Every structure is written in structure tokens, then in C-alpha cells.
Amino acid sequence: MATIESLLRTAVLSESPSAKLDAEWLLAAALGKPASYLRTWPEREVPAECEARFVADLARRRRGEPVAYILGRQGFWSLELEVAPHTLIPRPDTELLVETALQLLPATPADILDLGTGTGAIALALAHERPAWRVTGVDRVAEAVALAARNAQRLHLGNAVFCESRWFSALDGQRFALIVSNPPYIPAHDPHLHEGDVRFEPSSALVAGDDGLDDIRQIIACAPEHLTSAGWLLLEHGYDQAAAVRELLVASGFTDVQTRTDLGGHERISLGCRP
């Protein structure tokens with residue numbers, strides 16, 4: 001019977017830039033243990049059924065499938081979320097949207113909107129940090145709405161609700177103190193769409209026209225009629241799109257337009273205030 005140490009030693013994931021960590025996550029999941037268990041008990045023998053699952057999951061990863069889809073979960077902010085192939089995998093860079101939103105408004109009652117919510121990651125992080133906020137997450141994909149609602153229920157976050165909507169289409173007459181979105185922003189012909197984990201993610205959550213700005217243009221154009229006075233719009237975008245997004249915000253009448261950088265020093269989100 002193989003040991004934890006021997007399985008990890010032979011788990012070669014040449015396609016992954018984080019081979020060792022990927023293997024540890026997959027083996028820990030197969031054993032139903034935290035990753036720390038692997039380092040504490042490397043000599044422990046692995047039951048045959050757990051080894052079989054690990055080998056099968058490893059084969060999926062070698063074919064390039066993201067670990068998050070294999071495990072069906074991904075950490076974001078301080079939460080663990082269910083994920084599925086019809087939603088984008090939450091990424092650490094997007095936590096900058098959450099950090100900025102929390103800085104902009106006090107912890108008093110307010111209505112917040114998350115456009116293109118996917119797993120519900122942004123909406124649920126905000127609802128978790130601000131119990132007084134009423135957070136609405138919308139997505140045009142019904143399966144994503146159902147998944148986000150399951151995440152909210154499992155995390156006992158009753159101040160977050162989710163509904164099906166193509167951007168603002170189901171929100172007539174509703175206004176919010178803050179709107180956040182991580183919309184599609186990759187140009188249709190970007191070569192990175194054929195590399196790494198992105199190959200397995202839904203293109204509808206990634207691609208937005210020839211320059212990647214189609215959805216951002218639509219959101220910025222429609223947002224003012226759904227924001228309260230002095231309400232904020234926050235948008236994640238590509239590292240080289242900040243100037244274009246700022247121009248769009250200014251052209252739509254937003255004030256205090258600014259851009260903030262992520263941990264890698266890239267211009268990651270831009271925001272503006274409705275007068």
C-alpha cells in the first residue's frame with residue numbers, strides 16, 4: 001500500500017506551475033483531511049479507494065482541468081465556495097474589489113449590487129463583512145444563480161439574495177449605493193484564452209468583444225440610473241484597460257474617477273462616483 005510521501009513524490013504535474021501544491025490539495029481531498037495532515041503524517045498508508053480517487057483526479061489535472069473544478073470548491077476572501085464549470089473560478093486579484101467596497105461605505109444599512117455574480121464570491125464576501133448591507137447578486141446564467149444561492153445558504157448569509165438578470169435587465173426602478181462587477185474583459189482574440197485553466201472556464205464569463213470592453217461599456221452606460229446620489233461603481237478590468245475605463249466613466253458623468261492596483265502592481269480596478 002502506498003504512503004502519503006510516496007504518492008506525492010511520484011505525482012508529476014508538468015502542465016501546472018504549482019505542481020506540488022496541486023498534488024497536495026488533491027491527495028488531501030481524496031483522504032478527507034486538511035493539507036497539514038499530509039505534512040504531519042507522511043508515512044501513513046493511503047487506503048486503496050483514496051489512492052484510486054487521487055490517481056483519477058491527478059489524471060484530470062494533467063489534462064489541464066483546474067483544481068477548483070476537480071474539487072468543486074475554491075477559497076475566496078475568508079470563505080470557501082462551491083464552484084462549477086459554468087462559473088468563473090474566483091481569483092485573489094478580485095478581492096481588491098471587496099477591499100475597496102468596504103472602504104467606500106460605512107457599515108450601516110445600504111443596498112449593494114454585484115453584477116455577473118457567478119459563484120456569488122464578491123456578493124457573499126461583502127455580505128459576510130457587512131451584516132447590515134442588503135446585497136443582491138445577478139447573473140444571466142440560471143445555474144450560476146442557483147449555485148450562488150446554495151453558497152449563501154451554506155454560509156448562513158441571509159443578507160445576500162440572487163436573481164437571474166442580464167446586467168440590469170431585471171432591476172427596473174432599483175437603485176443601489178454601490179455597484180460592483182468583475183465582468184468579462186478579455187478581447188476575443190487574446191491568445192491567453194487557449195492557455196492554462198482559462199481553457200476550461202466559460203468563455204461568456206471571460207470574453208467581451210474585440211477590445212474586451214463591450215460589457216464594461218454597457219455597465220457604465222446603464223449604471224447611473226441604478227445608483228443613488230453619491231453612489232459608487234467599481235469595475236475589475238484587464239491590466240492594460242484602466243485608462244480606457246476611466247475615460248468611459250468620465251464620459252458618463254462619474255466624478256472622483258480613480259484606479260487602484262492589485263498586489264502585483266497591476267491596475268486592476270477602476271471606480272467612479274455618481275454625482
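Modeller: On a 1 Å grid over the protein atoms alone, a pocket is an open set of points with protein on both sides within 12 Å along at least five of seven lines. This is a predicted model, where local features need pLDDT of at least 70, side-chain atom pairs count only at pLDDT 80 or more, and totals for chains, interfaces and linings use all residues. Residues are numbered from 1 along each chain as its sequence is written, and side-chain values use heavy atoms, with hydrogens and water left out.

Biologist: What volume does the second largest pocket have?

Modeller: About 170 Å³, a volume being the space filled by probe spheres set on the points.

Biologist: What makes a residue part of the lining, and which residues line the second largest pocket?

Modeller: A lining residue has an atom within 4 Å of a point. Glu5, Leu8, Ala11, Ala19, Lys20, Ala23, Glu24, Leu38, Arg39 and Pro42 line this pocket. Helix α2 gives the largest share, four residues.

Biologist: Why is α6 called oblique to α7?

Modeller: Helix α6 (residues 95-104) and helix α7 (residues 121-129) pack at about 40°, with their axes 10 Å apart. Angles under 35 degrees count as roughly parallel, over 145 as roughly antiparallel, 65 to 115 as roughly perpendicular and the rest as oblique. That makes α6 oblique to α7.

Biologist: Which residues of α6 and α7 meet?

Modeller: With contact meaning heavy atoms within 4.5 Å, Leu97, Val98, Ala101 and Leu102 in α6 meet Ile122, Ala125, Leu126 and Glu129 in α7.

Note on methods. Axes are lines fitted to C-alpha atoms, for helices over the stretch in contact, and angles run from 0 to 180 degrees between N-to-C directions. Helices (H or I, at least four residues) and strands (E, at least two) are DSSP runs, numbered from the N terminus. On a 1 Å grid over the protein atoms alone, a cavity is a set of points where a 1.4 Å probe fits but cannot get out, and a pocket is an open set with protein on both sides within 12 Å along at least five of seven lines; lining residues have an atom within 4 Å of a point.
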